[in-house]
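Here is a short walk through one protein chain. Keep the model open as you read.

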Amino acid sequence: MGEKVVAGQFDLSDRQRYREKLQRCLTGLERLLAEKRFDRPKNLMGLEIELNLVGADGMPKMLNAQVLERIASRDFQTELAMFNLEVNIAPHRLGGRVFDRLAEEIRTSLSYADRKAGEVDAAIAMIGILPTLDRDDLVSSNLSAVDRYALLNEQIVAARGEDFTLDIEGVERLTCTSKSIAPEAACTSVQLHLQVTPDRFADVWNAAQAVTAAQIAVGANAPFLFGRELWRESRPPLFQQSTDTRPPELQAQGVRPRTWFGERWVTSAYDLFEENRRYYPALLPICDDEDPLEVLDAGGVPSLSEMVLHNGTVYRWNRPVYDIADGVPHLRVENRVLPAGPTVTDVIANAAFYYGVVRALAEEPRPIWTRLPFEAAAANFEAACRHGIDARFEWPRRGRLGGTAEVDAAVLVREELLPLAEAGLDAWGVEPADRDLYLGVIEERCRRRVNGASWQAATFHRGLEAGLSRDAALAATTRRYCELMREGDPVHLWPVGLPEPARLG
């Protein structure tokens, strides 16, 4: 969705032409796959982090245009709302001390951005959902001044035909409505990219789907929205509901939401792009002049721009990506499940766990997707979002017993998934020092049953117990979070509670 999009009105002929072009793109993809035109294995990974801008009081600051102007780096971009930024880290080859190098790059980038934000009395906060966000912050007037966001909002609102309803029941319940997709901007995530060959794509995507629940269990960091304590990771239900083009009648008919876990294991990247075409009407029916089949006939590499644009409006938690680098096409799995934060060390630990365990699961002789029903993987994901580190999953039994059993998420990660992640990182050629440091962070979170969400909730309740009002406790929790984020110790080492004697709100 990074391409320039010019706002405009679409008519029926635009949609028909787009549908035809989308089918030609799929035919082009099919030919590229059959002709084995894709890049050779490169073990490349990439990283994007969405960020919030906050003031010294912990409240959101609608200043991303001013901050980006001061940062003046193509590594930083706008995101949906004016309190959001995104930083893109250049691709790295998995191996050696890659995670330490990534950590240093991210610290340097965020420190620089934070200094520049400070020039307009703002600061960078890396967190799944900013606890101090209010409904009045998430309105269309606070969307970033970028054509594609305005157009996307306009098209999703038009497709739905009525206000969006948010209804999330967790520790507490939130019910409200919105006239725009702006509430989606509350969700700030880390996106992990892995370049894969077509032959490996399905195994990697299936493995990634299977471990989304474990990623959320250890990494949850979004327990609050609009002053309510909801799920331990409230981003997925919020994202689904705030982009839902289906009025209640279509939901009742079983029409699929645009934010989607999926419904089956796949055999090819083509399966996912074809599902997009089959299930989802175009939101942005913008055609370019390229005919992908003519480009292929001439020996060139087509951009498949309609397919790429359409794919960017279907919000899978593991998204297929088609891209071209140096004139050669490649495929990536984009893992979108993790919240941002709490610290750079935590982000890198989450990445190391993901890249290690996905490699190991993708290469198992008896793949997990042959032993775990897809419906169980989806249910595990929801359980992790609801309960975080305390979730329980359905998981295949080890050994000859077969079948599945209910397991504690933290025990599963410590006893089964961390050893797999270690083996996976060894297979990537990651140095043992890097491997042990960052997987050790995941192990400690499981041992102590702590993640960003549990720390936020515990600190908020300490504030309430000390006599703070709900709003004051959320603001104090946010300020304390930002202090500890900058200090940089991983979240399992953070002391719970507020450092100074709490003042009455």
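**A helix and a pocket**

Start just after helix α4, where G161 takes a positive phi of about 80°. This is a predicted model, so confidence comes next. The mean pLDDT of the chain is 94, and 97% of its residues reach 70 or more. Residues 1-7 are another matter: pLDDT stays under 50 there. For that stretch the model has 16 contacts beyond four places in sequence.

Now step back into α4 itself. The helix covers residues 147-160, 14 residues in total. From first C-alpha to last it reaches 20 Å, close to the 20 Å expected at 1.5 Å a residue.

Which residues of α4 are buried? They are R148, Y149, L151, L152, N153, Q155, I156 and R160. An α-helix has 3.6 residues a turn, so residues three or four places apart point the same way. The cover over the buried residues of α4 comes from several elements, including α1 (12-34) and α7 (248-252). Strands β2 (76-78), β5 (164-169) and β11 (315-316) are also part of that cover.

Helices α1 and α4 turn up again at the second largest pocket. Together with α8 (269-279), each supplies at least two residues of its lining. α1 gives the most, with four residues.

How much space lies in this pocket? About 420 Å³. The lining has 21 residues. Nearest the centre lie R258, Y279, Y280, P281 and A282. By class, the lining divides into twelve nonpolar, two polar and seven charged residues.

Methods:
Residues numbered from 1 in each chain as written. Predicted model: local features only at pLDDT ≥ 70, side-chain atom pairs only at ≥ 80, totals over all residues. Heavy atoms only, no water. Expected span 1.5 Å × (residues − 1). Buried < 20%, exposed > 50% of the residue type's maximum accessible area, 1.4 Å probe, protein only. Contact = heavy atoms within 4.5 Å. 1 Å grid on protein atoms, 1.4 Å probe; cavity = no way out; pocket = protein on both sides within 12 Å on 5 of 7 lines; lining within 4 Å. Points joined across faces, edges and corners; volume = space filled by probe spheres on them. Nonpolar A, V, L, I, M, F, W, Y, C, P; charged D, E, K, R; others polar. pLDDT = per-residue confidence, 0-100.
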